[in-house]
Amino acid sequence: MSRKPHLKNGILQADLCVIGAGSGGLSVAAGAAQMGAAVVLIEKHLMGGDCLNTGCVPSKALLAAAHAAKAQRSGGRFGVAPVEPRVDFTQVMAHVHGVIGAIAPHDSVARFEGLGCTIIQAPARFTGTGEVEAGGQRIAARRFIIATGSRAALPPIPGLAATPHLTNETLFGLRELPRHLAVIGGGPIGLEMAQAFRRLGSQVTVLERATILPKDEPEAVAVLRAALAAEGVRIIEGAAITRVDPGRIALADGTLEPSHILVAAGRQAVVDGLGLDAAGIAFTPQGITVDAALRTTNPRAFAIGDCAGGPQFTHIAGAHAGVVIRRALFGLPAKMDYRALPWVTYTDPELAHAGLTEAQAPGCKTLLQPFSGNDRAQAEGVSEGLIKLVLSPKGLILGATIIGPGAGEMISLWGLAIQQRMKIGAIAGVTFPYPTLAEIGRRAAGAWFTPALFGAKTRFFVGLTQRFLP
């Protein structure tokens, strides 16, 4: 049973005060309360934060609806007559919000009060190095966890701020399917939503000022670029947007006339209004300054998740929560290790990555295996894709990229291999069930040994042993 925060001289006393009830904040609050700490959890908006309400959950629900629409168009190659789906966008959005509603109880005020947390639903503001005010209540705590997340960044394009536009915070409130959706930004969010709306029936144009997915391996990006183009998503890379007005986007070499504009050009940490200066907590436009253990410049405060200025993924916020619990509750040494950091772009095909890319590992060796050589991929008609492995000269696994169906489900094996500093022989020795898409990893690993295994020395040795073996 957790201890409860208590009032002393009108100030609520706690062991931990968590600011932000998104993925990271909820993980810390739930874990700490169940371990016996007195926890105050402050959230100014919706429990569950961006991930549940306007991010990962609704976007994947929309992608699932889009996948169902695509399936109706794609049966011809299997002898199943394709049909053009009749998309009821109202019902699509009902599905999206139904998924949010199904998950919401897990992140609810009632559940966390049941765990022993004291919930305050109001903006939080530091009034000193060891005190926060929220909803008229002063809170003092031994440790503070800032988990305020991020919001969509608005690029400095003339006219954009004054022109009605969508972000992830408003996209899932649409009531009608856009006729023509212009997506500003060719990152994971932009491409996922571009494909989803195209499959549901919208005309879609992606405007990217550089190249799409610049952090991913170029061979994998090329596969995805071709797949999106084949579905009718228009991608303009190197796009120079000179001005945005209602119903019109001016480019250096032409114009677009979209019905809707989605801004998906990166994220910015939410730090405004927190009174960080009063707490002695340093921050920059990229987020709150933290060390490897996620401690801020105020030794009593930690920052986790998107607001900490590092990789902005829900699973990273969860990993941050584990580090902070070990530090703040037990005083144990712990720090973040991003060496095996995985990320996934949930397009179709999915693009998943863990560890280093070839560009980040000078002198590395690479192995590349296409899905066209995988029997399950051929059976399901999804042979466009590949796995690319990045290895040290001695075969240590440094990075992996997979583009293909279920890539996000397969990447964890490679993250484990990187984290545990495995060599490629460890994967080559694993027996994978047949036929599975994951076998592509073993086939790629086996290619590391092909030159030696089938070389002249091996042939000589086999010829010699066959003379003497009974």
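**Strand pairing, voids and local geometry of the predicted model**

A hairpin joins E13 to E14 through two residues. The structure is a predicted model, in which local features need pLDDT of at least 70 and side-chain atom pairs count only at pLDDT 80 or more, whereas totals for chains, interfaces and linings use all residues. Residues are numbered from 1 along each chain as its sequence is written, and side-chain values use heavy atoms, with hydrogens and water left out. Helices (H or I, at least four residues) and strands (E, at least two) are DSSP runs numbered from the N terminus, and two strands pair if DSSP finds at least two bridges between them.

Strand E13 (residues 248–251) is joined to strand E14 (residues 254–256) by three bridges, and the two run antiparallel. Within this pairing, Ala 250 has Thr 255 of E14 as its bridge partner. E13 is also antiparallel to strand E12 (residues 241–245), with four bridges between them; here Leu 251 in E13 stands opposite Ile 241. E12 and E13 likewise form a hairpin with two residues between them, and Gly 247 in the turn has a positive phi of about 80 degrees.

A further set of pairings involves strand E7 (residues 137–146), which pairs with strand E2 (residues 11–19) in the parallel sense over eight bridges. Strand E6 (residues 131–134) is joined to E7 by four bridges and runs antiparallel to it. Arg 138 in E7 stands opposite Ile 11 and also opposite Glu 133. The hairpin of E6 and E7 has two residues between the strands, and Gly 135 there takes a positive phi near 60 degrees. E7 also pairs with strand E19 (residues 301–303), in the parallel sense and over three bridges; Phe 144 has Ala 301 in E19 as its bridge partner.

Grid points are joined across faces, edges and corners, and a volume is the space filled by probe spheres set on the points. For residue classes, Ala, Val, Leu, Ile, Met, Phe, Trp, Tyr, Cys and Pro count as nonpolar, Asp, Glu, Lys and Arg as charged, and the others, Gly among them, as polar.

The structure holds one cavity of 30 Å³ or more. The volume of the largest cavity is about 60 Å³, and its lining consists of Ala 152, Thr 167, Asn 168, Ile 189, Leu 262, Val 263, Ala 264, Gly 266 and Arg 267. By class, five of these lining residues are nonpolar, three polar and one charged.

The second largest pocket has a volume of about 830 Å³. Its lining comprises 29 residues, of which His 67, Arg 199, Asp 348, Pro 349 and Val 382 lie nearest the centre of the pocket. Two or more lining residues come from each of helix H3 (56–73), helix H7 (188–200) and helix H8 (218–230). H3 gives the most, with seven residues. The lining of this pocket divides into 13 nonpolar, eight polar and eight charged residues.

Asp 348 and Pro 349, both among the residues nearest the pocket centre, are joined by a cis peptide bond with omega of about 10 degrees. Pro 349 is placed in the loop between strand E20 (342–345) and strand E21 (350–355). The peptide bond from Tyr 434 to Pro 435 is also cis, with omega near -10 degrees, and Pro 435 is found in the loop between helix H12 (424–428) and helix H13 (439–447). Most residues other than glycine have a negative phi, and most peptide bonds are trans. Asn 9, a residue other than glycine, has a positive phi near 55 degrees and is placed in the loop between strand E1 (6–8) and E2.

A search of the whole structure finds 16 salt bridges, each defined as a side-chain nitrogen of Lys or Arg within 4 Å of a carboxyl oxygen of Asp or Glu. Lys 388 forms a salt bridge with Glu 217, with the closest N and O atoms 3.0 Å apart. Lys 388 lies in strand E23 (residues 386–391) and Glu 217 in the loop between strand E10 (203–208) and H8, so the pair ties together parts that are 171 residues apart in sequence.

Terms used: 1 Å grid on protein atoms, 1.4 Å probe; cavity = no way out; pocket = protein on both sides within 12 Å on 5 of 7 lines; lining within 4 Å.
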